[in-house]
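Here is a briefing on charge contacts, ring pairs and surface patches. Keep the structure open while reading.

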Amino acid sequence: MTRLTTVARALITTFAALLASTAPTATAQASADPTAPKDFVALRSVDPTIIQEMRYVTAHNFVSERIDGYKQPLCILTRPAAEALHKAQRKLLRQGYTLKVYDCYRPQRAVDHFVRWAEDLDDEAMKGEFYPNVDKTRLFADGYIAAKSGHSRGSTLDVTLVRLPAKPTRPYHPGEPLVPCFAPKGERFPDNSIDMGTGFDCFDTLSHTLDPRIQGRQRANRLLLKSTLEGLGFVNLPEEWWHYTFKPETHPDTYFDFPVSRKSLTSAH
């Protein structure tokens with residue numbers, strides 16, 4: 001009887017040890033990040049000449065902090081979108097310009113971060129630059145923030161033009177004085193982009209691509225970007241001069257949530 005008890009206790013101890021050793025693995029598997037489908041690529045692998053200034057990895061955005069899901073400053077797109085952008089870049093280089101992307105694929109967790117920020121009416125740290133004339137209570141109603149974004153489908157990007165040779169853009173220093181995003185180019189936050197009339201992510205009707213108040217060189221710059229990209233299958237969002245989607249989309253009804261990182265791509269291949 002004593003021997004049986006000893007054996008039973010030994011078996012129980014061994015079983016408990018096995019449970020303890022497997023529990024972290026199960027937890028790790030349950031919390032593992034999703035990975036990208038195989039048709040997603042790093043833009044740099046398709047065209048390394050396009051400048052990448054990934055704003056949501058930094059604090060220089062309307063939320064004033066790094067956005068959830070952006071683990072590395074990396075532009076990820078579906079391959080058809082990346083290849084079409086490469087064709088646009090080849091055309092623009094011959095004219096003395098280069099493309100610059102601010103954002104590409106955007107995980108759903110980042111969109112959720114935007115929504116939480118928009119619902120916090122007390123957080124207006126970056127109002128002076130990004131939405132000086134917009135009451136924060138209007139961000140959803142006016143379409144500046146939404147619970148879903150085309151960026152999460154992988155074929156949408158935010159893009160501008162830079163005159164060659166490209167000069168570097170100085171880094172943003174949190175706490176520095178803010179200037180409205182629609183101020184004259186020489187007054188607002190420096191950006192090596194050519195003058196598009198407003199800065200990127202400017203929550204204002206002046207950001208509408210064909211706003212009649214934008215004239216002269218600013219309008220010509222917008223139209224150069226628009227005509228080049230639309231000629232290669234991209235469609236502009238009329239409310240944002242920087243926002244383009246490649247059509248037809250590879251994943252028109254799927255909103256992905258894998259992080260922006262090289263690991264999301266290498267794990268899938």
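E230 is partly exposed, because its relative accessible area of 35% falls between the 20% and 50% limits. This is a predicted model.

- Helix α6 holds both E230 and K226. They sit four residues apart, about one turn of the helix.
- K226 has 18% relative accessibility, so it counts as buried. The cut-off for buried is under 20%.

- R106 and D158 form a salt bridge through their side chains, with N to O at 3.6 Å.
- R106 is in the loop between β4 (97-103) and α4, while D158 is in strand β5, so this pair ties together parts 52 residues apart in sequence.
- Are R106 and D158 buried or exposed? Both are buried.
- D257 and R109 form another salt bridge, where the closest N and O atoms are 3.1 Å apart.
- That pair links distant parts of the chain, 148 residues apart. D257 is in the loop between β7 (243-246) and α7 (262-266). R109 is in helix α4.
- D257 is partly exposed at 28% relative accessibility. R109 is partly exposed too, with a relative accessible area of 21%.
- Which residues do salt bridges with shared partners join into one network? They are D33, K71, R109 and D257.

**Aromatic pairs**

- The whole structure contains 20 aromatic pairs.
- In one of them, the ring centres of Y56 and F200 are 6.3 Å apart. Their planes meet at 45 degrees, so the pair is tilted.
- Y56 and F200 link distant parts of the chain, 144 residues apart. Y56 is in the loop between β2 (51-52) and β3 (76-78). F200 is in the loop between β5 (156-163) and α6 (216-230).
- Y56 and F200 are both buried.
- Y131 and F203 also pair, with ring centres 6.1 Å apart. An angle of 35 degrees between the planes makes this pair tilted.
- Y131 belongs to the loop between α5 and β5, and F203 to the loop between β5 and α6, so their contact ties together parts 72 residues apart in sequence.
- Y131 is buried, at a relative accessible area of 0%. F203 counts as buried at 4% relative accessibility.
- Ring pairs build a cluster whose members include Y56, F200, Y131 and F203. Among the others in it are F62, Y70, W117, W241 and W242.

**Charged surface patches**

- A patch of positive charge on the surface gathers K87, R90, K91 and R94.
- K91 is located in helix α3 (residues 79-93). K91 is partly exposed, and its relative accessible area is 37%.
- Which residues form a negative surface patch? They are D120, D122, E124 and D135.
- D120 is located in the loop between α4 (108-119) and α5 (127-130). D120 is partly exposed, and its relative accessible area is 35%.

Key
Residues are numbered from 1 along each chain as its sequence is written. This is a predicted model: local features need pLDDT of at least 70, side-chain atom pairs count only at pLDDT 80 or more; totals for chains, interfaces and linings use all residues. Side-chain values use heavy atoms; hydrogens and water are left out. Patches are made of residues with over 30% relative accessible area and no salt bridge: like charges are joined within 9 Å, nonpolar side chains (Val, Leu, Ile, Met, Phe, Trp, Tyr) within 5 Å. Accessible areas come from the Shrake-Rupley method with a 1.4 Å probe; for residues, only the protein chains shown count as cover. A salt bridge is a side-chain nitrogen of Lys or Arg within 4 Å of a carboxyl oxygen of Asp or Glu. Lys and Arg count as positive and Asp and Glu as negative; His and the chain ends are not counted. The place of a charge is taken as NZ of Lys, CZ of Arg, CG of Asp or CD of Glu. Helices (H or I, at least four residues) and strands (E, at least two) are DSSP runs, numbered from the N terminus. Buried means under 20% relative accessible area, exposed over 50%, partly exposed in between (1.4 Å probe, protein chains only). Rings of Phe, Tyr and Trp (its six-membered ring) pair if their centres lie within 6.5 Å; planes under 30 degrees apart count as stacked, over 60 as edge-to-face and the rest as tilted.
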